[in-house]
Amino acid sequence: MLHPLASEVLSIARCQKKMTACLLLGFENTQALASRHGPETIIKLRDAAAERLRSVLRPGDDIYVLESDQIAILLGPVMRLDLESALQLATRVQAAAEEPAAIDRIAVYPSCSVGISLSSRLEENDAGERLLANVEAALAEAHSNGPSAIRAWSRHSRNTNADAYPLESEIRAALETGEIVPWFQPQISTETGRVTGVEALARWNHPDRGILPPAAFLPSIDAAGLLPRLSEIVLQETLEAMRGWDNAGLTIATASINMTTQDLDDPRLTERLAWQLDRFNLTPHRLNIEVLEDVVANGPDDVIARNIRALAALGCGIDLDDFGTGQASISALRRFDVSRLKIDRSFITRLDTDDDQRLVVAAVIGMAERLGLDTVAEGVETVGEHALLAQLGCTHVQGFGIARPMPADRIPQWIEAHNTKLVQAPRLPRATG
């Protein structure tokens, strides 16, 4: 029954010279869940997930309940929809579907995999049937690599497992030959519009599959125990990029890098980082360390806690990433010397059209102001979201609506073009009081 609906969406997208996609969610371990909680459990989980999905999708996106353990999503036509955007959406959809649900007063924790089929990967005359066949193949591949895997269909995957996670040997080679490097996404001030910093985000320039986002290779790096090596590469390449921009007369105030639990558990972390900063003749305040909220939420006073405080004492900024998704207390913010809160993108989606979202974000920004902390909103995709965040008093924003991540050598050109546009751009009013 979905074939004509998918064909209609495809036809509309092509007429408007836009793009669309289909996402297919499939719940896992259904037999075990049914035997443990009853045969109706999967249907209840599926229906609860379908209801929650509306909060992470746009009004023009359609949700279809299929078999007892599957949900399909047909995205309304959009101007831009590449693999990275689709993977980020799939991650948000998966997170919403995997929220625990109360079944007969018992909390049930489901898992689901996601398949993706992009219209940009279809042949010119392909119809909705092909879009759906591709997404079914992608979901089957995801299930075979699960639990909670995400796979996108590609032309190459008709004959090979092209979107599967790479082998450890391939990952090691990519790290050592410079295929995996940081790209940089600008962060801008909501008050001046000027670039205030960049965030380093890993990308893999794969020789066969092109530029791959983190979701396509981070699980393999983690499984191989190579996250510290990746962090080392990202740090060194980021500091080298900062020095290059400085030498070119382009001063970017700060660069942010993500640090994992494995990184922070290294007793020599602060010593090594200080040595690297000195080697590139950069002061510590030029570097922000992004730490996930879960790391500091009620964290013990161990090596990780001491490292975070030592990095702050060194002069590095401490950014609390994905704020709002964990349970970090105000005392934890003080104990870990957090200087900036990064508001998770799940709170930014539909901010300008959802009153509840707006109230939550306003509360976070208000709390940050009282504590003397800056705020960064990530995942900003529309002018409306940007404008409202400025009015609410958020200090910095980043997201696809401002700039996509780009190689270091493209940053100067982008900033020059951005500053040129600022000359005639109206100032966004900020909230007062």
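The crossing of helices α15 and α16 is right-handed in this predicted model. Helices α10 and α12 likewise pass each other in a right-handed crossing.

**Helices α15 and α16**

- Helix α15 covers residues 355-371 and helix α16 covers residues 383-392; their axes come within 10 Å and cross at roughly 40 degrees.
- That angle makes α15 oblique to α16, because angles under 35 degrees would be needed to count as roughly parallel.
- On the α15 side, the residues in contact are R358, V361, A362, I365 and E369. On the α16 side, they are L388, L389 and L392.
- By class, this contact of α15 with α16 holds six nonpolar residues, two charged residues and no polar ones.

**Helices α10 and α12**

- The axes of α10 (residues 269-279) and α12 come within 9 Å, with a crossing angle of roughly 30 degrees.
- These two helices are therefore roughly parallel to each other, as the cut-off for that class is under 35 degrees.
- Helix α10 contributes L269, T270, L273, A274 and L277 to the contact, and these meet N307, A310, L311 and L314 of α12.
- Seven of the residues in the contact of α10 with α12 are nonpolar and two are polar, while none is charged.

- A305 and E84 are 221 residues apart along the chain, and their C-alpha atoms are separated by 33 Å.

- S119 has a relative accessibility of 14% and so counts as buried.
- The S119 side chain reaches the backbone nitrogen of T20 at 3.0 Å.
- Setting aside neighbours within four places in sequence, S119 is in contact with T20 and also with L10, M19, A21 and L131.

Conventions. Residues numbered from 1 in each chain as written. Predicted model: local features only at pLDDT ≥ 70, side-chain atom pairs only at ≥ 80, totals over all residues. Heavy atoms only, no water. Axes fitted to C-alpha atoms, helices over the stretch in contact; angles between N-to-C directions. Helix = DSSP H or I, 4+ residues; strand = E, 2+ residues; numbered from the N terminus. Parallel < 35°, antiparallel > 145°, perpendicular 65-115°, else oblique. Left-handed = near helix turned anticlockwise from the far one by under 90°. Contact = heavy atoms within 4.5 Å. Nonpolar A, V, L, I, M, F, W, Y, C, P; charged D, E, K, R; others polar. Buried < 20%, exposed > 50% of the residue type's maximum accessible area, 1.4 Å probe, protein only. Polar contact = N/O pair within 3.5 Å; in protein donor to acceptor, adjacent residues only side chain to side chain.
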